[in-house]
Amino acid sequence: MNTEVTGSGGVRLGIRVAGENNARTVVLLHGWAQSSLAWSHQLTAAELTADLRLVAPDLRGHGVSEVPAEGYDRSRVWADDLASVLEFAGTPAVVVGWSYGGLVITDYLRTYGTAGIAGLVLAGAITEIGRDQPGGRTGPAMRAALPAALDEDPEVALPALARLSGGMAAKEIPGALAQALLGSSLLVPPAVRGALFRRRVDSAEVLAAVDVPTLVLHGTEDAVVDPSAGAYAAGKIPGADQRWLQGVGHLPFIEAAEEFNATLLHFAGQRLAPAP
């Protein structure tokens, strides 16, 4: 099912929902210059949708969501967007943040704490951004793509984005899927791609205050978000569990979909009670 909610400032956010008849809800937040299509291996997985309601929004400026001219540099805007998604989803929910989605989670935590959150999963995620922020440390594939991937000239941006898409996975993925991920990147206007980087966020205190069960899941071969960023978050969040996927890159939910789905189902099942 496709629907939408109204986020901060009245911005329309597109949402994909699967397993809509289930009470236990998991919210899936995608990463920079991507969309909810990244979660296709979860939204179509019978083992997940039989027991979980999956809610996957397109972040503002991404996918089918509205593209406002500003607001991308304000933590409160992202926090309010996620608050709207959680209100739609019904709370408490397990929230999964991939890549930039992890930063959106910390934006929410900074404003609302863990209200409405039953558990967190940080999958190849950043929790900070800005030069020398350990929770936002990037890998060689991301560094090589910038700043060209932000350029308005398609002859400059397209090759950089294509290289980045190709560098996300450490394991081979279907060519059609790789092209779909590249297509999601190209749907995000250059101004938005750039605006997402124009802020500095330190989340040490926010992470230390997390009081819900948290799983940090990261591929050992992630060339987009350095594994040290995941280790940093795990070290700051009290009691966080860690799961390192050997030989996996920045797409654990695709490269190791079966393992990822089983892990998510187990984690969510422990934190979310089914309807009576």
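The model is predicted: local features need pLDDT of at least 70, side-chain atom pairs count only at pLDDT 80 or more, and totals for chains, interfaces and linings use all residues. Residues are numbered from 1 along each chain as its sequence is written, and side-chain values use heavy atoms, with hydrogens and water left out.

I start with helix H4, residues 100-112. Helices here are DSSP runs of H or I with at least four residues, strands are runs of E with at least two, and both are numbered from the N terminus. The expected span of a helix is 1.5 Å times one less than its number of residues.

H4 is mostly covered, with 10 of its 13 residues buried. Buried means under 20% relative accessible area, exposed means over 50%, and partly exposed is in between, using a 1.4 Å probe and protein chains only. Among the buried residues are Tyr100, Leu103 and Asp107. The buried part of H4 packs against strands S3 (25-29), S5 (93-98) and S6 (117-123), and against helices H3 (75-89) and H9 (204-208). Just after H4, Gly113 has a positive phi of about 65°.

Next, the core. In soluble globular proteins, nonpolar side chains tend to be buried together. A nonpolar core is a set of buried Ala, Val, Leu, Ile, Met, Phe, Trp, Tyr and Cys residues joined through side-chain atoms within 4.5 Å. The largest one has 94 residues, and Val26 and Val27 touch the most other members. Beyond four places in sequence, the contacts of Val27 (heavy atoms within 4.5 Å) include Val55, Leu82, Leu86 and Val95.

Last, the salt bridges: a side-chain nitrogen of Lys or Arg within 4 Å of a carboxyl oxygen of Asp or Glu. The structure holds seven.

Which residue pairs with Asp81? Arg60 does, with the closest N and O atoms 2.6 Å apart. Arg60 is in the loop between S4 and H3 and Asp81 in helix H3, 21 residues apart. Arg60 counts as buried at 3% relative accessibility, and Asp81 at 4%.

Glu66 bridges to Arg12 at 3.8 Å between the closest N and O atoms. Glu66 lies in the loop between strand S4 (53-57) and H3, and Arg12 in strand S2, so the pair ties together parts 54 residues apart in sequence. Glu4, Arg12 and Glu66 are linked in a network of salt bridges.

Arg243 and Glu259 form another, at 3.1 Å between the closest N and O atoms.
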